[in-house]
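Here is a briefing on one protein model, meant for reading beside the sequence and the 3D view. Please keep both open while you go through the points.

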Amino acid sequence: MNKLIFILLLPLTTFAQDFVGSSDFNSKIAKGISVVEFWAEWNKSNEVDFLGKLKDCNSYKLCIVKNSSVQKKYNVSAIPTIIIFDNGTEQSRFTPNIMMQLQATKKDVQSVINEITFNKFQ
């Protein structure tokens, strides 16, 4: 029975993404490739559901309501916005349409991650 529970919960933990705040934002994005979704609870219906499934990166969610200083620093004016960082430096950004829906797909975001990874080995 314990093995069955573990197997059923495994997919939930494999694709989890962490929350990040203003106190640990810089340390979380400082090393490697990080993908951050800037979001707010009031726009939950448009939140991005694929970040935890991306490969070769760490993914985080940052609530703009609780962390407005980070939102301002990165000039995020609409949500959801996804910013891809490499060793703390912004590499790419995906912004929503006028309906506050992200048009970028998992494939679009993963392509940027793959390109950053590929360029590191050139």
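Helix H4 has five residues to look at first: Val109, Gln110, Val112, Ile113 and Ile116 are its buried residues. Down the axis of H4, these buried residues fall within an arc of 155°, so they line one face of the helix. Note that the model is predicted.

**Helix H4**
- H4 covers residues 106-120.
- Its 15 residues should span 21 Å at 1.5 Å a residue, and the end C-alpha atoms are 21 Å apart, so the helix agrees with expectation.
- What covers the buried residues of H4? The cover includes E2, strand E4 (81-86) and strand E5 (89-94).
- The face turned away from the buried side carries exposed residues: Lys107, Glu115 and Phe118.

**Overall layout**
- The protein has 4 helices and 5 strands.
- Along the sequence, the pattern reads α-β-α-β-β-α-β-β-α.
- Of the 122 residues in the protein, 41% are buried.
- Take the contacts between residues at least 6 apart in sequence: 65% of them join residues at least 24 apart.

**The sheet**
- The 5 strands form an open sheet in the order E1-E3-E2-E4-E5, and the pairing is mixed.
- E1 and E5 are the edge strands, each pairing on one side only.
- E1 pairs with strand E3 (residues 58-63) in the parallel sense, over 2 bridges.
- Opposite Asp18 stands Tyr60 in E3.
- E2 and E3 also pair in the parallel sense, over 6 bridges.
- Which residue in E3 is the bridge partner of Glu37? The partner is Lys61.
- E3 has 5 of its 6 residues buried, so this strand is largely enclosed by the rest of the structure.
- In a regular strand, side chains alternate between the two faces of the sheet.

**Aromatic pairs: Phe19 and Trp39**
- The structure holds 5 aromatic pairs.
- One of them is Phe19 with Trp39, a tilted pair at 6.0 Å centre to centre and 55° between the planes.
- Phe19 lies in strand E1 (residues 18-19) and Trp39 in strand E2 (residues 33-39), so the pair ties together parts that are 20 residues apart in sequence.
- Are the two partners buried or exposed? Phe19 counts as exposed, at 52% relative accessibility. Trp39 is buried, with a relative accessible area of 6%.
- The cut-offs behind these calls are under 20% for buried and over 50% for exposed.
- Trp39 has another neighbour: Lys61 lies over the face of its ring, at 4.5 Å from the ring centre.

**Aromatic pairs: Phe25 and Phe38**
- Phe25 and Phe38 form a tilted aromatic pair, with centres 6.3 Å apart and planes at 55°.
- Phe25 lies in helix H2 (residues 25-29) and Phe38 in strand E2, so this pair ties together parts that are 13 residues apart in sequence.
- Both Phe25 and Phe38 are buried.
- Which residues form one aromatic cluster? Phe25, Phe38, Tyr74 and Phe85 do.

**Points to trace in the view**
- Start at E2, which holds Trp39 and Phe38.
- Follow E2 to its parallel partner E3.
- Then turn to H4, where E2 is among the elements that cover the buried residues.

Methods. Residues numbered from 1 in each chain as written. Predicted model: local features only at pLDDT ≥ 70, side-chain atom pairs only at ≥ 80, totals over all residues. Heavy atoms only, no water. Phe/Tyr/Trp six-rings, centres within 6.5 Å; stacked < 30°, edge-to-face > 60°. Buried < 20%, exposed > 50% of the residue type's maximum accessible area, 1.4 Å probe, protein only. Lys NZ or Arg CZ within 6 Å of the ring centre and 35° of its normal. Expected span 1.5 Å × (residues − 1). Arc of directions from axis to C-beta. Contact = heavy atoms within 4.5 Å. Pairing = 2+ DSSP bridges.
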